Amino acid sequence: MGTKILAIETSCDETAAAVVEEGTRIVSSVVASQIDIHARYGGVVPEVASRQHLLAVIPVISQAMTGITLQEINGIAVTSGPGLAGSLLVGVNVAKSIALVEELPLFGINHLEAHIYANWLDSNEGRASGVEFPCLCLIVSGGHSDLVLMYGHGQLKKLGQTRDDAAGEAFDKAARILGLGYPGGPAIEKAAGSGTPHLPLPRAWLKDTYDFSFSGLKTALWHLVSRGEVSVADVAASFQLAVTDVLATKTIEAARQLKVKQILLSGGVAANKTLTQRFLAKSPIPFLVPPPHLCTDNAAMVAACGYYHFRSGSTSGYDLDVVPSRGLG
Ligand code: KG4
Ligand code: ZN
C-alpha cells in the first residue's frame, strides 16, 4: 500500500479535501464551490468565504474520507498561504486538529506550489504523469501570473510575475465590463465561442523581462465597449486571444532561453482551451496541463505537493500559522 496524504484546501472560495496515493493517484477529491454565493456580489467577499468554509469543511472532509480510515492516512497537508487569512485559518485549524489527535505529520503547503503539482496527478483521462526537470512553470490564477523555474522537488526560482492584474483577475474584470458575470474566465471563454477575434487590442510584451501586465488591455477593452457598436462575443474572443497570446509567447520564449525540458501550465486560467491551443500550435518544447477541474482550486494538488514534502521529511510542526501573502521560491 502506497503513502496516502489527506489534504485540505480553503484558501479562497472553494472548500476542498482529497486523498491522494503516492503523489499521483487520486483516491478521492471533493470540491464545494461557493461561486453561486459570491456571484451575487460580483466577486469573493472574504467574511462570507470564511463562514462558508466553516460550514462546509467537515462534510467535505467526511465525503473525501468515505471508505477510508484515518489509520490508512500517512500525513495531513493543508494550504497555509497565499490566500484570504480568515479562509486559510479554517483549513489550517482543522488540519492541525486531525494531525494532533492522530499523531500524523502536518505539512503547510504553498497554494501556488500546489497548483504546479496538479501536473503530477493521474488525470481522469488517464494521462501518465511524466514531469522532467528542469521545467518552466506558468501559474495563472485569480491572484497570480507567475513564471517559475523548477529544478527539482521544492526547488523553485521565481522569474517573473504580473505587474498589475493577474491573468484570471483580468478575465474577471473584463467579464464584469461586458456584463458576463462571475467568475469571468469561463464566461469569457463561452461568449468567445461564438465570436471572431478581429478587434485590435494591445499586448504588453514587457521585453527583456519575464513579467506580465494586463491592466492596459483591460482599459483598452473598456474604451472599446464604451464606444458601443461592438459585439460582446467578438470583444470576448479578441480579449481572450490577447491574454493567451502574451502568456504563451512569453512563456515559450523563456523556455527556449532557459533550455528547460518541459513547460508546466497550472492555475484556473490554464483551463482555457485557447491558451492550450496556442501552446499546442507554437511550442517546440513539450508542455503539460492538468484537466480543467484540476487547474482550478482543488485539494488533490495540495495532497500531491504534500507527498513530496512527506518524502523529504519537511514537516511543519503543530504551531503552523497561516501566511496570507506567502510567496514562491
Ligand atoms: O486557480 P483558481 O481556481 O483560483 C485562484 O487560486 O485564484 O483560479 C481562478 C481564476 C479566476 O480568475 C477565473 O476567472 C479563472 O481562474 N478561470 C479561467 C477559466 N476558468 C477559470 N480563466 C480563463 N478561462 C477559463 N476557462
Ligand atoms: Zn488557486
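**Figure 1. Packing of helix α6 against helix α8 in the predicted model.** Helix α6 comprises residues 184–192 and helix α8 comprises residues 232–258. Two packed helices are described by the angle between their axes and the distance between the axes. For α6 and α8, the angle is about 115 degrees and the axes lie 7 Å apart. The crossing of α6 past α8 is left-handed. On the α6 side, the contact is formed by I188, E189, A191 and A192. The residues contributed by α8 are A233, A236, A237, F239 and Q240.

**Figure 2. Surroundings of ligand 1.** In the predicted model, ligand 1 is surrounded by 21 residues. The closest of these are G142, D172, G185, E189 and D297. E189 also belongs to the contact between α6 and α8.

**Figure 3. Polar contacts of ligand 1 with H111, G142 and G168.** The side chain of H111 places an N or O atom 3.2 Å from an oxygen atom of ligand 1. At G142, a polar backbone atom is found 2.8 Å from an oxygen atom of the ligand. The backbone of G168 likewise supplies an N or O atom, here at 3.1 Å from an oxygen atom of ligand 1. Of the 550 Å² that ligand 1 exposes when taken alone, 89% is buried by the protein.

**Figure 4. The cis peptide bond between F133 and P134.** Most peptide bonds are trans. The bond from F133 to P134 is cis, and its omega is near -10 degrees. P134 is located in the loop that runs between α4 (111–117) and β6 (135–140).

**Figure 5. The cis peptide bond between Y182 and P183.** Y182 and P183 are joined by a cis peptide bond with an omega of about -5 degrees. P183 occupies the loop between α5 (167–177) and α6. Helix α6, at one end of this loop, is the helix that packs with α8.

**Figure 6. The backbone at E103.** Most residues other than glycine have a negative phi. E103 is not a glycine, yet its phi is positive, at about 50 degrees. The residue is situated in the loop between α3 (85–102) and β5 (106–110).

Note on methods: Residues are numbered from 1 along each chain as its sequence is written. Chains are lettered from A and ligands numbered from 1 in the order in which they are written. This is a predicted model: local features need pLDDT of at least 70, side-chain atom pairs count only at pLDDT 80 or more; totals for chains, interfaces and linings use all residues. Side-chain values use heavy atoms; hydrogens and water are left out. Axes are lines fitted to C-alpha atoms, for helices over the stretch in contact, and angles run from 0 to 180 degrees between N-to-C directions. Helices (H or I, at least four residues) and strands (E, at least two) are DSSP runs, numbered from the N terminus. A crossing is left-handed if the near helix is turned anticlockwise from the far one by less than a right angle, and right-handed if clockwise. Contact means heavy atoms within 4.5 Å. A residue is near a molecule or strand if one of its heavy atoms lies within 4 Å of it. A polar contact is a pair of N or O atoms within 3.5 Å; within protein, one must be able to donate a hydrogen and the other to accept it, and residues adjacent in sequence count only if both atoms are side-chain atoms. Accessible areas come from the Shrake-Rupley method with a 1.4 Å probe; for residues, only the protein chains shown count as cover.
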